[in-house]
Amino acid sequence: MEITTERIAESTPAESDRRLHTRMDANCPVVLEIYFSDKAQYISVIGRLINISIGGCLITSEYLPWRNVDPDRVDEIVFSRFESICRIYLPWSNLHRISTIRRVGVFTTAVEFDQQLDEKRVETIAAMEKEGARTFKPRNPWKYNKILPRP
C-alpha cells in the first residue's frame with residue numbers, strides 16, 4: 001500500500017492528465033519543424049502522417065535528425081538536445097499547429113496539438129491520400145530536411 005501511494009505522489013500532472021482520443025489512419029504529407037534547444041537553429045522535416053486524432057498525430061520520416069541514434073538511447077538524445085515544442089504543417093489541409101513532442105522512435109514522432117482539432121477536420125485529413133498517389137513537392141526544396149537558422 002505504501003508503494004502505491006508513494007508512486008501516486010510522485011506522478012506528474014502530465015502523466016495523469018493524458019488525453020485519449022480515437023485515432024484515425026491517415027496517409028498524407030506533413031512538414032515538421034523541430035527546434036534545437038541549445039542552438040538558434042531548427043530542422044524542417046518532410047514526412048508522412050500515419051494517424052491523427054483531435055488531440056495529436058503520429059508522423060514518420062526517414063529524415064528525422066535522430067534517425068542514426070541507437071534505439072535504446074533515442075528518448076535521452078531527443079529530449080536533451082531538442083525542444084519539446086515543434087510546429088506541424090499539413091500542406092493540402094491548410095493546417096498549422098504548434099505541438100508538443102510526446103514520444104519518439106527512430107523514424108516516428110508522436111505529437112500533441114496545442115489546440116484540439118474539430119472532428120470534421122480530422123475526418124477530412126484522414127480521408128486524404130489513401131492511395132498515396134501524390135507527394136509533397138515544395139516550392140523551395142532546399143529548405144527541407146536540413147538544419148536552418150531560426151527566423
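Strand pairing and salt bridges in a predicted model

Three bridges join β2 to strand β7 (residues 147-149), and the two run antiparallel.

User: What do the strand labels and pairs rest on?
Analyst: Strands are DSSP runs of E with at least two residues, helices are runs of H or I with at least four, and both are numbered from the N terminus. Two strands pair if DSSP finds at least two bridges between them. This is a predicted model, in which local features need pLDDT of at least 70 and side-chain atom pairs count only at pLDDT 80 or more, while totals for chains, interfaces and linings use all residues. Residues are numbered from 1 along each chain as its sequence is written, and side-chain values use heavy atoms, with hydrogens and water left out.

User: Which residue stands opposite Pro149 in β7?
Analyst: Gln41 does.

User: How many bridges join β1 to β2?
Analyst: 10 bridges join strand β1 (residues 24-36) to β2, and they run antiparallel. Leu32 stands opposite Val45 in β2. The two strands form a hairpin with four residues between them.

User: And β2 to β3, how many there?
Analyst: Four bridges, again antiparallel, with β3 covering residues 56-60. Leu49 faces Ile59 in β3. This hairpin has three residues between β2 and β3.

User: Is β2 mostly covered or mostly open?
Analyst: Mostly covered: nine of the 12 residues in β2 (residues 41-52) are buried. Buried means under 20% relative accessible area, exposed over 50%, and partly exposed in between, with a 1.4 Å probe and protein chains only.

User: Switching topic, how many salt bridges are there?
Analyst: Two. A salt bridge here is a side-chain nitrogen of Lys or Arg within 4 Å of a carboxyl oxygen of Asp or Glu. Arg102 pairs with Glu112, with the closest N and O atoms 2.9 Å apart.

User: Why does that one tie separate parts together?
Analyst: Because Arg102 lies in strand β5 (residues 95-104) and Glu112 in strand β6 (residues 108-113), the pair links parts that are 10 residues apart in sequence. Arg102 is partly exposed, at 41% relative accessibility.

User: What about Glu76?
Analyst: Glu76 forms a salt bridge with Arg73, and their closest N and O atoms are 3.2 Å apart. Glu76 is partly exposed at 48%, and Arg73 is partly exposed at 39%.

User: Where does Gly105 lie, and what is it in contact with?
Analyst: Gly105 lies in the loop between β5 and β6. Leaving aside neighbours within four places in sequence, Gly105 is in contact (heavy atoms within 4.5 Å) with Trp66 and Val74. Gly105 is buried, at 15% relative accessibility.
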